[in-house]
Amino acid sequence: MQPQRERREARPRAGWMVMGERGRPSALDVCKVLAVFFTLFPSVSLQCKVIKCTTEYLAVTSNSGLGEEEYCTALRVYKTCVGRLARSCRGDLAYHSVQHGIEDLMNQKNCSKEGPMFQPQARTPPPPPPPPPVLTDSQERSDGPEVCHYERSLTRSSAQPNYTHCGFFGDPHLRTFGDDFQTCKVEGAWPLIHNKFLSVQVTNSPVLPGSLATATSKLTIIFRNFQECVEQKMYHAETDDLPAAFADGSKNGGDRYGANTLRVVEKVPGQHVEIQAKYIGTTIVVRQVGRYLTFAVRMPEEVVNSVEEGDTQDLYLCLHGCPANQRIDFRNFRARAAEATQGASRTRGVAGTQGFTYKSAKAKCKERLPVEDLYFQSCVFDLLSSGDINFTLAAYYAFEDVKMLHSNSNRYHIYEKDALSSAVQGIRDVLSVLVFNLLAVLLCGTVIL
């Protein structure tokens, strides 16, 4: 890869599309993808009315004969329309993607933020262009230039990349890029990853009515455009719908020269999909196990930390873990379960689910996970909290993904002592800061006196 300074200069600011001479068609393509997105997300279109703003914008920019000033006017109207939705759309991934896209389009077209705000007349769009010819296997493009291969683009003097792993599965359990292992509540929509290259958001739903146990029912991944390699692509999965393509129906990164460095590969129909993003050295595994989804990723540390200026990353679970008020100490839960009578069920009991005691849950998890690490403990916790036998497989496949994606075989297993030592270290760090601040205050007081 290019030296770090050169890479910063070569990479465009993250946004929707890199627009050159084909600027307006690219913008239109982005809006079409958004239209597909809102078709897939009826709940979003009801709660967050950004689709209305997008539709109005499409109506006036679909004709290539639109003048530059008219185009900028349409963008200003679009931005104002979206801005009115800030409160109702707060935290919505699509809404924030729209905001970034508008800013990028205005910057690329040198549109002033001040100017006319009337809406140009909508024009009849031209007929769609003929579809591109279907390429045979022998005609397919190569994977593109070296800049579209993360490892190939590294200079010989560069250190080998340090690959990190994050996993999210079960009720739900999180393994962060720093190998912290946590059990969380996190009901609703939460961001897992957000950097210059991609964003990942999960939606967690209650496993049983009225239960605190949740699991992932929806997953959205947005790959941002990158130089001559890939166009912006969106992947969306939810319970009983694990597609083998992006939201626009394609399986690669679009029409650019390096498009094949981003691919969706279906491993097991409806159960296992792998997304390979070679241009950023990243592999993502999405599975459906039972009624819920699991997520695992292998990503270079450089990409993990490619944070946009002003973005604190505080809420991105894979980087910083779950907020303290969202974490569950399943050790206490397990201790209470172990004290319960052997015949007591730990579930509320619904048709088609099996109740487990602590002993029977351990026995069932032992069948798939013979090592009593935190994956084993998470399996026991999930069986006790939900009664759903499929969570045994969720923990098993999460560990199988670790073996495939984690770069350090000595760190496949994580034990309770690892989690406890990590927590103790965190406490020590906090105490060190407090002691340092106290000494600073005392020293300052001494100097003044």
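Buried denotes a relative accessible area under 20%, exposed over 50%, and partly exposed the range in between, computed with a 1.4 Å probe on protein chains only. The views show a predicted model, in which local features need pLDDT of at least 70 and side-chain atom pairs count only at pLDDT 80 or more, while totals for chains, interfaces and linings use all residues. Residues are numbered from 1 along each chain as its sequence is written, and side-chain values use heavy atoms, with hydrogens and water left out.

**View 1. The disulfide of C148 and C229.** A disulfide is taken as a pair of cysteine sulfur atoms within 2.5 Å, and by this rule the model has six disulfides. In this view, the sulfur atoms of C148 and C229 lie 2.0 Å apart and form one such link. Its torsion about the S-S bond is about -95°, so the disulfide is left-handed. The pair connects distant parts of the chain, 81 residues apart: C148 is in the loop between α6 and β1, and C229 is in the loop between β6 and β7. Helices (H or I, at least four residues) and strands (E, at least two) are DSSP runs numbered from the N terminus. C148 has 0% relative accessibility and therefore counts as buried; C229, with a relative accessible area of 0%, is buried.

**View 2. The disulfide of C166 and C318.** The sulfur atoms of C166 and C318 are 2.0 Å apart and form a disulfide. A torsion of about -75° about the S-S bond makes this disulfide left-handed. Because C166 lies in strand β1 and C318 in helix α8 (residues 317-320), the pair ties together parts that are 152 residues apart in sequence. C166 and C318 are both buried.

**View 3. The disulfide of C72 and C111.** C72 is joined to C111 by a disulfide, with an S to S distance of 2.0 Å. The link of C72 and C111 is left-handed, with -70° about the S-S bond. C72 belongs to helix α5 (residues 68-83) and C111 to the loop between α6 (93-108) and β1 (163-169), so the pair ties together parts 39 residues apart in sequence. Both C72 and C111 are buried.

View 4. E231 is located in the loop between β6 (214-223) and β7 (233-238). The residue is buried yet has no salt bridge, a term for a side-chain nitrogen of Lys or Arg within 4 Å of a carboxyl oxygen of Asp or Glu. The side chain of E231 reaches the backbone nitrogen of D255 at 3.4 Å.

Key
Lys and Arg count as positive and Asp and Glu as negative; His and the chain ends are not counted. A polar contact is a pair of N or O atoms within 3.5 Å; within protein, one must be able to donate a hydrogen and the other to accept it, and residues adjacent in sequence count only if both atoms are side-chain atoms.
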